[in-house]
Amino acid sequence: MIKKILKLIPIFLLIYCSISLLFFNLWLQRYFGDVDFDLILVNINFGFHGLINADDYVINKFIEYCFYGSLFLSLIILVIKYLILKNKLFDFYVYIINITLLILILVFNLNKLDFFDSFNEKEDNKFIENNYIKPNLDKKIADSDQKDVIIIYLESFEENYTKNKFFEPKIMNQLNFNEYNFSKTPNFLETKYNNYTIGGIVSSQCGVPQKPIGIFDTRSIYKKDKLKHERNVYGINKFLPKAICLGDILKYNDYENILIYSGHTSFHAMDIFFKSHGYNKIIDYDYFKNFKNIPKQSWSNGVNDSVIFKKAIEEVDKYKSSKKKFNITILTTDTHFPGYIDPNCKNKFISEDQLINSIHCTASSVYDFTNEIKNKYGDSISIILLGDHLYPIDDRYNNHKKTLAVNKDSKRTIYAKILSKKEISNRSKMNHYDFFPTILQSMNLDYGDRLGLGYSIFKTNNNFDYEIYYNSLVQNINKESEFYYDFWR
């Protein structure tokens with residue numbers, strides 16, 4: 001009996017590995033949408049500390065899919081095979097069939113992750129080098145009309161939400177801010193390396209992408225032994241240390257940089273990024289966890305969006321009263337899948353769909369916060385609202401009654417509003433990199449129309465052909481760039 005069990009172990013392991021790979025791919029698609037191999041590498045770069053503080057819901061689902069589910073289904077398949085094949089189960093050809101199946105599933109998974117496309121371009125591509133505009137910090141901007149800024153990254157927030165029939169129009173139409181008579185923002189499109197939160201933040205504040213780096217980068221650029229960025233086995237120690245980002249420029253111009261986020265900023269090395277680039281105050285999970293009588297019902301067991309907006313009001317009032325210039329960056333979390341309902345929200349029961357209700361609640365909180373700031377401080381504060389990325393949709397939502405009503409093949413754009421009196425140029429699209437110069441110009445801190453890889457959306461006399469540039473960016477941003485890796489040295 002013991003010998004038979006021992007013989008079953010290798011067959012069971014082959015079956016289990018095959019099922020686990022399939023379930024891993026299913027888990028990725030279900031909870032993160034379209035994921036490619038570069039994004040897997042980026043996550044590895046964050047190290048253990050950069051990943052462990054993901055939301056419990058997502059981690060638990062990973063355990064359910066890739067351990068319990070795979071184990072249960074593998075045992076069933078093994079029993080069925082044993083009952084049918086019996087002694088033939090241990091024949092050589094059975095092992096060959098199982099090994100072949102495992103290899104086919106592995107290839108299928110790698111193809112789904114665009115693994116093979118990641119290695120198509122090995123030569124040094126000059127797009128970033130030829131188009132990157134470095135900020136000039138030789139002197140401070142002396143404009144007496146400098147504004148403070150509030151940047152709000154809205155989790156997985158799409159422009160579609162403001163006109164979708166499944167949402168309550170009275171709530172969502174508020175986010176058009178028609179009463180302030182601001183110009184319409186160009187269509188905000190998602191590009192590679194910007195389909196996850198920290199990627200969107202890096203691109204919009206530094207004008208460069210977050211590409212895979214470090215000893216886990218499987219490409220060959222490190223054979224030249226040029227990359228000497230700091231890291232340890234737990235992940236990166238410094239985040240794009242040679243890049244000049246928004247926080248660096250604002251600090252240089254005597255601004256205070258504050259981050260407010262309800263989750264763990266160690267997730268995806270957010271804390272390292274912000275501390276590396278001029279943010280001197282971080283208010284996150286460690287601050288809010290001590291709040292008594294306040295539910296922790298959002299992403300990574302943090303407080304809900306209305307609580308972080310209330311804290312942001314306190315920070316704004318404090319800095320305004322002390323007459324210190326400031327940048328307050330806010331990251332919302334309630335609209336992360338599967339949707340977290342704010343118990344303070346009066347609109348939490350409008351829909352039968354949990355995610356839609358969470359979007360209603362966050363929309364109300366954003367509008368109330370923005371309206372209060374505008375009523376108190378008028379145009380002295382520039383307010384930037386942007387979704388961090390598109391919602392990571394998958395096939396579950398297509399043709400579903402309670403869907404977000406977004407077809408995967410239809411044109412989807414990220415939500416963005418620039419609450420500034422400046423005239424916006426007549427162009428049809430923008431991307432994350434464009435926020436870098438746009439945010440600074442909205443504050444009357446003008447470092448030029450082009451900054452990093454971004455091109456300001458405000459009207460200029462420049463005859464730059466954005467459409468050609470955008471298409472070139474999409475085609476080249478994922479290719480090898482020795483120039484880019486200098487930012488990590």
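1. Burial and helix 15. A residue is called buried at under 20% relative accessible area, exposed at over 50% and partly exposed in between, with a 1.4 Å probe and protein chains only. Helices (H or I, at least four residues) and strands (E, at least two) are DSSP runs, numbered from the N terminus. On these terms, the buried residues of helix 15 (residues 466-476) are Tyr466, Tyr469, Tyr470, Leu473 and Asn476. These residues lie on the same side of helix 15, because they cover an arc of only 145 degrees around the axis; the arc is that of the directions from the helix axis to the C-beta atoms. The face turned away from the buried side of helix 15 carries the exposed residues Ile468 and Gln475.

2. Basis of the model. This is a predicted model, in which local features need pLDDT of at least 70 and side-chain atom pairs count only at pLDDT 80 or more, while totals for chains, interfaces and linings use all residues. Residues are numbered from 1 along each chain as its sequence is written, and side-chain values use heavy atoms, with hydrogens and water left out.

3. Which elements are included in the cover of the buried residues of helix 15? Among them are helix 6 (127-131), strand 10 (429-430), strand 11 (450-451) and strand 12 (454-455), where contact means heavy atoms within 4.5 Å. Asn478 lies in the loop between helix 15 and helix 16 (482-485) and counts as partly exposed at 27% relative accessibility. Asn478 and Asn125 are 353 residues apart in sequence, yet their C-alpha atoms are 9.4 Å apart in space.

4. Disulfide of Cys206 and Cys245. A disulfide is taken as a pair of cysteine sulfur atoms within 2.5 Å, and a search of the whole structure finds two. In one of these, Cys206 and Cys245 have their sulfur atoms 2.0 Å apart, and the link is right-handed, with 100 degrees about the S-S bond. Cys206 lies in helix 8 (residues 197-206) and Cys245 in the loop between strand 4 (235-236) and helix 9 (246-252), so the pair ties together parts that are 39 residues apart in sequence. Both Cys206 and Cys245 are buried.

5. Disulfide of Cys345 and Cys361. Here the S to S distance is 2.2 Å. The torsion about the S-S bond of Cys345 and Cys361 is about -90 degrees, so this disulfide is left-handed. The pair links distant parts of the chain, 16 residues apart: Cys345 is in the loop between strand 7 (326-331) and helix 13, and Cys361 is in helix 13. Cys345 is buried at 10% relative accessibility, and Cys361 is buried with a relative accessible area of 3%. With bonded cysteines counted along the chain, the disulfides of the protein chain follow the pattern 1-2, 3-4.

6. Salt bridge of Lys417 and Glu159. A salt bridge is a side-chain nitrogen of Lys or Arg within 4 Å of a carboxyl oxygen of Asp or Glu; by this rule the count comes to 14. Lys417 forms one with Glu159, the closest N and O atoms being 3.6 Å apart. Why does this pair tie together parts that are 258 residues apart in sequence? Lys417 lies in strand 9 (residues 416-419), whereas Glu159 lies in the loop between strand 1 (148-154) and helix 7 (169-172). Both Lys417 and Glu159 are buried.

7. Partly exposed salt bridges. Lys376 pairs with Glu372, with 3.4 Å between the closest N and O atoms. Both residues lie in helix 13 (residues 354-377), four residues apart, about one turn of the helix. Lys376 is partly exposed at 41% relative accessibility, as is Glu372 at 33%. Elsewhere, salt bridges that share partners join Lys281, Lys311, Glu314, Glu315 and Lys318 into one network. Lys289 forms a salt bridge with Asp286, at 3.8 Å between the closest N and O atoms; Lys289 is partly exposed at 43%, and Asp286 is partly exposed at 45%.

8. Nonpolar surface patch. Phe72, Leu73, Ile76, Val79, Ile80, Leu83 and Ile84 form a nonpolar patch on the surface, with about 680 Å² of accessible area together. Patches are made of residues with over 30% relative accessible area and no salt bridge, with like charges joined within 9 Å and nonpolar side chains (Val, Leu, Ile, Met, Phe, Trp, Tyr) within 5 Å. Accessible areas come from the Shrake-Rupley method with a 1.4 Å probe, and for residues only the protein chains shown count as cover. Leu83 lies in helix 4 (residues 56-85) and is exposed, with a relative accessible area of 58%.
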